[in-house]
Amino acid sequence: MSTYTNEQVAHLVEGTLDWETTFRMLSMPKDNSRFKQYVEALQKKVSFKDRIVLPLGPHLYIVQTDRKQWVTKCDCGHEFCDYRENWKMHAHIYVRDTEEAMTEVYPKLMAPDTQWQVYREYYCPSCGALHDVEAPTPWYPVIHDFEPDIEAFYKEWVNLPVPERAA
Amino acid sequence: MNMMTPNETGFADLLKNGQTLKQFRDGIIERTQKTGHYNGLEKLELRDADPIGYEKLFSKLRGGLVHARETAKKIAASPIVEQEGELCFTLYNAVGDCVLTSTGIIIHVGTMGAAIKYMIENNWEANPGINPGDMFTNNDCSIGNVHPCDIATIVPIFWEDRLIGWVGGVTHVIDTGAVTPGSMSTGQTQRFGDGYMITCRKTGVNDTPLRDWLHESQRSVRTPKYWILDEKTRIAGCHMIRELVEEVIRADGIEAYEKFAYEVIEEGRRGLQSRIKAMTLPGKYRKVSFVDVPYKHEDVQVSNAFAKLDSIMHSPCEMTIKGDGKWRLDFEGASRWGWHTFNAHQVAFTSGIWVMMCQTLVPTQRINDGAYFATEFRLPKGTWCNPDDRRTGHAYAWHFLVSGWAALWRGLSQAYFSRGYLEEVNAGNANTSNWLQGGGINQDGEIHAVNSFEASSCGTGACAVKDGLNHAAAIWNPEGDMGDIEIWEMAEPLLYMGRNVKANSGGYGKYRGGCGFETLRMVWNAQDWTMFFMGNGFMNSDWGLMGGYPSATGYRFEAHKTGLERRIANGESLPLGGDIDPSAPTYEHNIDATAQVKRDKQCMTTEDCYANHDLYLNYLRGGPGFGDPIDREPAAIEKDLNERFLLPEYAGKVYGAVFSQDAKGTYTVDAAKTRARRAEMRKERLARAVPVREWMKEERERILNKHASTAVQHMFATSFALSEKFTKQFKDFWNLPADWMVSEDELGVPSYGSKHRMDLSLMPDVTTVVQVEE
């Protein structure tokens, strides 16, 4: 199994890791210590003090607050909701459901017909970061993408103590 | 006197153990279910006792399979096989479970296994008999094949008169004699128009193809020359592998070989489980994808009025990764199959998925049926991925399969991202289209059919640390290759007027999807020539990931009565290169003003006539993007502008780039001004957005008023009719009244097949093989 330095993992997070190491990461068996190094690298990047429990996206995390609650949080500091809820329900949304809205971002003919499909852009209500773009039909429920089993992951998969969580 | 031979019926004792093949297979299934280990193999005796010998066996067999593929493909004349590598050889144990496979279109790990299992379950050993030197041919989509153009030759392997396994070889042929040419055609709506269909037929004895088969099969397709050379390819490869197995047994002994042929499957099962545990994260992942089926348009000409409607394929997937590393893929809520050629058999789904997984979760040589045994599949009966009617068409099942798997890319990539394996993240795959197909009399004066495999090189999805690859790959064949222009021009009466990277085709993002490409083809030296389009247009099947945008959708361009013959003779301007910006098209300025042009989103058509000097744009799609586009590095935007991968207008609108262009046409992005512009864009986003719950109130009103296109309502109606669970989830989410419902009856579109259906299993003397939870 390969191992990587904290500096290499930090470069991976920044997108500045050299190709040779990136290729090694792709081709060699996975390094089980990555998660710990990854969270440490991310923790240094964010401006908030809450402990990162699980990264969800480039600007989105499940964190442990000072009250030991697990919440979904934007890296600007905005708290969406309890980690078990769908954060999208607490986001702001812009729906591209007209041809004009679609051709603002795609050349003519290269976007969907909005009678068939719309693009839903989910923004952080505080900083305007675009956390997700859904591309469903009209009427489609807001999708709850991911419900991680964090306890099992920490305890049984990466052998780390589970961060405390207030009941 | 007509004396009957005793060879045709009775117990063949092929295994020399007193059991029929079915009894033997039932025992394996029982031991697997009882213990959770394939064939009850809680210990891998051979591997544990002699790990080096085990690995040597593995390497000899795997190497031989790859060698056979590489050698045999040189026999083929079809560029699909010889250039694109659309073939694969697979070794099975006696019950049709895959031991090892070659490189290539490894979707067939399970499809040929399903054919072998069908022969076992339906007592082929008694009739027509299974003997050394036999060859069986199968392409039947109702028992597990993906689409009819994948023709499989299956050869039993005997050792000292005892059946010990099978070898199968498959090639994607250029034409199957369907209603329309091209092997994956759109003109038919049912199996009965899908082309020549062969159900595990004995087509050879004593290593020699039967003459009735040779005569019948070659005249049943449009391209007999390619057909017969493809068959020779398959036979040669199968026989090479059979000899290889004999050599291995002579060297290592039959006992070791047979132990290996079962232990390696259990090892594969364990391998997937440990790989899941090493790379992903337990939990539930929910993703969905869609495909437009715009059949109402006048350019879709089919023989059935009941097929003339616009509909949508719906593929919701709940992926559950369990604490022990097992996983379950549940497609509850999927829409019903339809009267088109995009339906998929359950095995096409469960087997095909490994062609995708070997590009992400299990990028190893050890692909076999072990992965199947480590996975729980739930494909509800009656859906597009498990039809309950024996009439369904499957000629381009890939259209739905590839799109259905797009959701899996995103689910797995969420896991990789959260765990920190950013290098593995892939936002998805391109919708691998357009498919240029057609036929007629070619430049050599022969009846011909074409199916351009340029789609083997679409853009790939963006990663979390880099852009997707441009014009590089297709999900269904890990060896992406667009093919040489010179070879395609020999195979098709279509000259290249351009082959360009397609600007803006890759989905936007911090890391963008790989761009697709486009080729402009001019019909040349053909007679009575036809072509058609097949791809996505009104919808996108590939979403972006974590703020990335989906890739661009398709569109079609074709031109007739172009005046190009005269324009070439006179040295006038010609349409050359790419359709750079479809908002400001230029091809039309370089053909006669009176030309008949079709430029729209109708990317699904049926066979239409093309004269010499007519034009056809083959646009191959890009991959989806990753991350918020306003996080993209200015230098990357600058590079895209200068390489013409991004139209300048969208560098500003999407990426917030502030840039200038010098006298030589070189773009420079101003990083400081771009930063400032992006801060403004964040404010603009919030100004136009509303809280999700506010928007939901409006959307709920639209649902209550049934305000949506008929195609959208039809999709929900077919999913509701098949799934109470999905209906309940939908109604609960929108808090709809108990009596709210949408049904097909109320939509005013044909609903043929919505109530009355007949499954293949209801036919007399047929036992179907069910390999999923239904």
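Student: Which residues lie nearest the centre of the largest pocket?
Tutor: In this predicted model, L26(A), Q359(B), W409(B), N426(B) and L469(B) lie nearest the centre of the largest pocket, which is lined by 31 residues.

Student: What is the volume of that pocket?
Tutor: The volume of the largest pocket is about 740 Å³.

Student: Which element gives the most to its lining?
Tutor: Helix α2 of chain A, residues 19-27, gives the most, contributing four residues.

Student: And how do the lining residues divide into nonpolar, polar and charged?
Tutor: The lining has 15 nonpolar residues, 13 polar ones and three charged ones.

Student: Changing topic to R328(B): where is it found?
Tutor: R328(B) is in strand β10 of chain B, which covers residues 327-330.

Student: Why does R328(B) count as buried?
Tutor: Its relative accessibility is 18%, and buried means under 20%, so R328(B) falls in that class.

Student: What is R328(B) in contact with, leaving aside neighbours within four places in sequence?
Tutor: R328(B) touches E318(B), M319(B), T320(B), K322(B), E376(B), R378(B) and E773(B). With E376(B), the side chains make a polar contact of 3.1 Å. A polar contact with the side chain of E773(B) is at 3.0 Å.

Student: How many salt bridges are there over all chains?
Tutor: The count comes to 84. One of the pairs is K73(A) with D50(A), at 2.4 Å from N to O. K73(A) is in strand β3 (residues 70-74) of chain A, whereas D50(A) is in the loop between α3 (34-45) and β1 (51-57), and the two are 23 residues apart.

Student: Are K73(A) and D50(A) buried or exposed?
Tutor: Both K73(A) and D50(A) are buried.

Student: Which residue forms a salt bridge with K60(B)?
Tutor: The partner of K60(B) is D252(B), with the closest N and O atoms 2.8 Å apart. This pair links helix α3 (residues 51-72) of chain B to helix α8 (residues 224-252) of chain B, across 192 residues. K60(B) counts as partly exposed at 34% relative accessibility, and D252(B) is partly exposed at 33%.

Student: What about R685(B) and D628(B): how far apart are the closest N and O atoms?
Tutor: The closest N and O atoms of this salt bridge are 2.8 Å apart. R685(B) lies in helix α17 (residues 671-688) and D628(B) in the loop between β20 (615-620) and α15 (634-642), so the bridge ties together parts 57 residues apart in sequence. R685(B) and D628(B) are buried.

Student: Which residues do salt bridges with shared partners join into one network?
Tutor: That network joins K322(B), R328(B), D330(B), E332(B), E376(B), R378(B) and E773(B).

How values were computed:
Residues are numbered from 1 along each chain as its sequence is written. Chains are lettered from A and ligands numbered from 1 in the order in which they are written. This is a predicted model: local features need pLDDT of at least 70, side-chain atom pairs count only at pLDDT 80 or more; totals for chains, interfaces and linings use all residues. Side-chain values use heavy atoms; hydrogens and water are left out. Buried means under 20% relative accessible area, exposed over 50%, partly exposed in between (1.4 Å probe, protein chains only). Contact means heavy atoms within 4.5 Å. A polar contact is a pair of N or O atoms within 3.5 Å; within protein, one must be able to donate a hydrogen and the other to accept it, and residues adjacent in sequence count only if both atoms are side-chain atoms. On a 1 Å grid over the protein atoms alone, a cavity is a set of points where a 1.4 Å probe fits but cannot get out, and a pocket is an open set with protein on both sides within 12 Å along at least five of seven lines; lining residues have an atom within 4 Å of a point. Grid points are joined across faces, edges and corners, and a volume is the space filled by probe spheres set on the points. Ala, Val, Leu, Ile, Met, Phe, Trp, Tyr, Cys and Pro count as nonpolar, Asp, Glu, Lys and Arg as charged, and the others, Gly among them, as polar. A salt bridge is a side-chain nitrogen of Lys or Arg within 4 Å of a carboxyl oxygen of Asp or Glu.
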